[in-house]
Amino acid sequence: MKVKDKYILVISTSFQLIFFTFIPNFNFMLNEIAEITEKVKSFQIKTHADLTLYKQEISGKNGSLNDLFEMFKTIPGDQKKDVGKALNELKILVAEKFDEGVTFVESNNVTKSDKDETLPGKFLNFGKRHPLNLVNEEVINIFEKVGFITKEGPEVEDDWHNFSALNFTHDHPARDMQDTFFVNKENNILLRTHTSSVQVRTMLNEKPPMRIISPGRVYRCDSDATHSPVFHQCEGLYIDKNVSFSDLKDTLFYFVRSYFGNDTKVRFRPSYFPFTEPSAEMDIGWTVDGKFKWMEILGCGMIDPNVLKNCGIDPEEYSGYAFGMGIERLTMLRYKISDIRLFYENDLRFINQF
Ligand code: DAH
């Protein structure tokens, strides 16, 4: 029975007593206080729910403590002393218990929802690194070990940085080889077709000696099993006094040994790029289905003196080499992937293999 109900019962009993004796007896309040004191002492507050219950039953506006105080107002003055003392002691106990409970709940970080901690947890699906990222990072590490610094540049470029500064004249057939996405044809703003534009920006902004690589996304209007309209390249550039073709070969041999292994067969083939003279392409020996093949992995050459001049570097004083490679091609060779489109489909059966 709640304190209030008992109170009503006692009041009505007291009226009967008043009727017979005129002396109401409030000793029952001391019993009541003792009972609530025991209840408070044994109350376990471990969670937010326990705290709420404690407030509802004991310490809150409608709890037993308040009921007792209401009742206390009605008892005659000569009986107030003992009951009042006991009631104040209870009040202190109730507050202490409440504070203790709050401290416990907060320090144990018990959540409001009182989740069942024994239930099995949710399985978190950890993602995998994309193979293109794995290879990109590996290539960067290989070059950083021998002093190359990573530089990035904008993907939306202007014609001058992407073509003209690199010796592509306006009607140059090499522009056709790099089918271009134009963002604004009138202003010649385009999506860069190669990362060689970062060479230009670096030469313009820095003084030799410089040794950089610039990995990044490039765009060409081309799409089939071995070409994607968006793909990734890593450009390399080294400019100093007396840089020669043998320095270029040495660096690229080092790269091939590090990436493909010490026994990899390599060859240089003469080639053509508007911004290098002489130019070459590098192939590696590759065995597919038991058959030996040469596979092209990068383009390279000695930076054309015109390009150095365009970028404010004196070709009489400095020389340099440059190279550029496709990250997709390197990844396809490493993992024997035959269709470039697999990289961009986000099929988990593919991605989870790396
Ligand atoms: N930019 C060339 C391309 O996208 C790749 C390349 C070739 C970069 C020779 C170079 C280089 O720096 O010297 O096909």
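**The ligand shell and its strands**

Mentor: This is a predicted model, and we begin with the whole chain. A compact globule of 354 residues would have a radius of gyration near 20 Å, whereas the protein chain has 42 Å. Its C-alpha trace spans about 125 × 50 × 40 Å along the principal axes. The chain holds 13 helices and 10 strands, and 27% of its 354 residues are buried.

Now to the ligand. Around the ligand are H194, S196, E235, F273, T276, G299, C300, G301, A322, F323 and G324. Two elements, β9 (291-303) and β10 (319-326), each give two or more residues to this shell. Sorted by class, the shell has four nonpolar residues, six polar ones and one charged one.

Next, look at how β9 is held on each side. Strand β8 covers residues 276-288 and pairs with β9 in the antiparallel sense, over 11 bridges. One of the residues around the ligand, G301, is the bridge partner of S279. The hairpin of β8 and β9 has two residues between the strands, and D289 there takes a positive phi near 50°.

The strands β9 and β10 also run antiparallel, and five bridges join them. Here M302 has Y321 in β10 as its bridge partner.

Conventions:
Residues numbered from 1 in each chain as written. Predicted model: local features only at pLDDT ≥ 70, side-chain atom pairs only at ≥ 80, totals over all residues. Near = placed C-beta within 6 Å. Helix = DSSP H or I, 4+ residues; strand = E, 2+ residues; numbered from the N terminus. Nonpolar A, V, L, I, M, F, W, Y, C, P; charged D, E, K, R; others polar. Rg over C-alpha atoms; globule rule 2.2 N^0.38 Å. Buried ≥ 20, exposed ≤ 12 C-beta atoms within 10 Å, placed from the backbone. Pairing = 2+ DSSP bridges.
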